[in-house]
Every structure is written in C-alpha cells, then in structure tokens.
Amino acid sequence: MSHRRRGNLVGFLALCLAILVFSGSAVQFALTLDAAWAQSSVRPPENVVIPAQPGESRPLDMVEPFPSDSDRLVGPLGPLGPNSDATLWGAVRHGERFSVSIPDEKAAILVQSGGVEWQRMRAGKGPLGEWGANAIAVTVLVLAIFYVVRGRIRVEHGFSGRLIERFNGIERFGHWLLAVSFILLALTGLNLIYGREYLLPLIGRELFATVAAGGKWVHNNVAWAFMLGLVMVFVMWVGHNLPRRADLVWILKGGGMFRKGVHPPAWKFNAGQKLVFWAVILLGTSVSMSGVSLLFPFELPLFAKTFEVMNALGVAVVWGAPLPTELTPFQEMQLAQLWHAIVALAMTVVIIAHIYIGTLGMEGAFDAMGSGQVDLNWAKEHHSLWVEQEEARGRVDAGSRDSATTPAE
C-alpha cells in the first residue's frame, strides 16, 4: 500500500470511526449530564411530604412546597425543623449544600447523587464501555476486511536500492516517545474501564489488585512522557501539516487507496497523514488537559469555564439548553474522568488504524520510523513532491539494499 494510500486509509478511518465514538458519546454524555445534574445540582424536589406536627393527623398524600431557608420553622403546618428526618435527609439525599467551618468546602455536600449515574456511565458494561468496545471492534473489523480485499500495499515499481532520509533521529525519538507512551497509557486505561468486568474474573482478585495498582502507577507517570512527545511532534511537524493545494487533489483521488497505479502527488505528509496529525494533536491536548486535572484533583476545574465559553458561542441552540456553569467540585471531577475516557477511546481508534498502515498494511512504510531511510521508489509513489524537493537539495543517497532487484509482488 503506498504511503499516500496509507494516509487516505488512516484519514478515512480516523474520520469515520472517531465520529462513531464521538457521536454516540456526545449524545449519551448530554443525557448523562441532564440526569445527574437534575438530581445533584438543584434543590430538593419542589413537592415533598411534610411531616405532621405532634398530635396532628394528616393524609399521607398531602404535599406542600419544599420550604425555603427563611420559612423552615414558620407556620403550624411547617416541617419539624432543619433536623427532622424528612427535611434533613431529603436535602442530603439530593445534594443540598450545607455550611462548614473547615477550609474544605467539599465537605458541605454529604451526598452527591450524580455519582451514581457517573459510575453507571463509566463502567465497562455501561454506555461508555459499550461504545468504546464497539468502536474498537469496528476498527479492527474494517482493517481486516480491507486487508483481505486489498491485501498488503506493495511498492509497485519494486525497490530501487537508493535510499532517502525520511525522518532524522530527533524526529524518530519524538515519534516513538509519543507512540510507546500512548500504548502504555491505552493499555492501562482500558484496564481501568474494562478490567473489573472482564479481567478480574479471569485472574482473581489478588492478582487483579496488583495489576490495577501497577497500571495506575504507570498511567500517572508515563502521562508526562506522552505530553512531552506530543509537544515535540507538534513543534517538529506542524509546518509540514498545514493545508496545501496538493491535499485537495490527493483527497479527490482517494489517495490511491482503492486503485493500483494511482499515486496522487504529496509533500512530506499527504492529506490523510495530516488528518491523523491534527487528530493526535487536538485529541492528545484535550486528553492531557483532563488528565492533569485528574492528577491534581479539585485543583484545576475546567468544565464550568469551558461551558461558559460554549454558552457564549451559542451552543444552547444545538444542545437545547445552556450548559450548566455552576458545578460542584465533584461534578468537575466526574466530567473530567468521563471526558478523559471518551477522548482516549477516540484516539485509540485512530492510532489502531495508524499502526496497521505503518506495519502490516503497507510495504516499506515501517522503515520511515525504523531506520529513518526509505526506498526512493516508495518515496516517489507516496510523496513525489517531497522527493523532488529533496533531490534538488542533494539529500538522496545512492545506497543499496538486498531486495533492490526484487520486483514487488
């Protein structure tokens, strides 16, 4: 598969499958927020059963509006007071914020009912887990079908024996730092979502506890390497991934993915690779921000301010109502965890397709990040404009390789 086809396949799958994850996740995310905040962010229900005063007989179905703070103790038919069971525990159960004299204001909320919905949402067999598993399964299935139908994409003109440097040592270091750290984060993160439901029954509680604890340590510490790799990749390659006119031609020709002999011109990165680059940068930045918020709980709230900006931009037209901007510390953390998982799953889908094209899916593609040198014929088939630029600069090596005389199958 040519490098352009690689870009096309990755771009196509990145768009379709990432949209698959985000579309379902966004809808359920909205429903989850509505349900959780309806229970935990508002005052107790407007109508509650008010206990009778001593010696008073009242029907069980008699209801009165929930009293405000000013009239809790007013009126012969009012509640028994702020310490009565119906008043006190009804307020506690629905997330009423009380007053505290200690510095930790989170202690003012004794029960946050939204945590129940958050726990259901994030479980391996909950909506988030199901959509994530389905998206990953669909990605693998599509790639398997593509491999069976299209086969491995070969260098059509065979290896020439002449090499051209594709990526230097610093570029490869930045790429592998990002790639290896992401794989470790993905594996340990998937265990956080699915481990309790699927891995624990297989290996037992004691071994799972050890695996989970080790995975947590790896996840928290490798995250910094991921963020460093993300910054390196952005700085090194952002100039090569800006849109150019050749990208439109590449897209119109499908990157040569579905037809042999079609090789649209491209620079160092084709349109498909640029889609992957920006998906990794944007998703990686988002998952890093929510991850830092989780690493320093209750210290870096992000969503209330983000929702304020979104409301100012008119998101209520799409959402159906303004996003809530008064969030408790617990809601901030729950949102951060859910968003972290959603974005990470979407990024996993993109990277799975990227790994396939760079290894099994395309002949000669791995050399770009392996040795950093690629065959000239491979480079001409996938990045002809870039090759012309490199040849003009005298950067094409006249080396040889064992398979130079072996034609592509």
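The questions below turn to helix pairs and then to one residue.

Author: This is a predicted model, where local features need pLDDT of at least 70, side-chain atom pairs count only at pLDDT 80 or more, and totals for chains, interfaces and linings use all residues. Residues are numbered from 1 along each chain as its sequence is written, and side-chain values use heavy atoms, with hydrogens and water left out.

Reader: How are α3 and α4 oriented to each other?
Author: The axes of helix α3 (residues 114-122) and helix α4 (residues 127-150) come within 4 Å and cross at roughly 20°. Angles under 35 degrees count as roughly parallel, over 145 as roughly antiparallel, 65 to 115 as roughly perpendicular and the rest as oblique. So α3 and α4 are roughly parallel.

Reader: Which residues of α3 and α4 make the contact?
Author: Contact means heavy atoms within 4.5 Å. From α4 come P127, L128, G129 and W131. From α3 come R120, M121 and R122.

Reader: How are α4 and α5 oriented to each other?
Author: The axes of α4 and helix α5 (residues 169-203) come within 10 Å. They cross at roughly 125°. Therefore the pair is oblique.

Reader: Which residues of α5 meet α4?
Author: On the α4 side, the contact uses L128, G129, G132, A133 and I136. On the α5 side are L190, I193 and Y194.

Reader: Is E308 buried, partly exposed or exposed?
Author: E308 lies in helix α9 (residues 303-312). Buried means under 20% relative accessible area, exposed over 50%, partly exposed in between (1.4 Å probe, protein chains only). E308 has 46% relative accessibility, so E308 counts as partly exposed.

Methods
Axes fitted to C-alpha atoms, helices over the stretch in contact; angles between N-to-C directions. Helix = DSSP H or I, 4+ residues; strand = E, 2+ residues; numbered from the N terminus.
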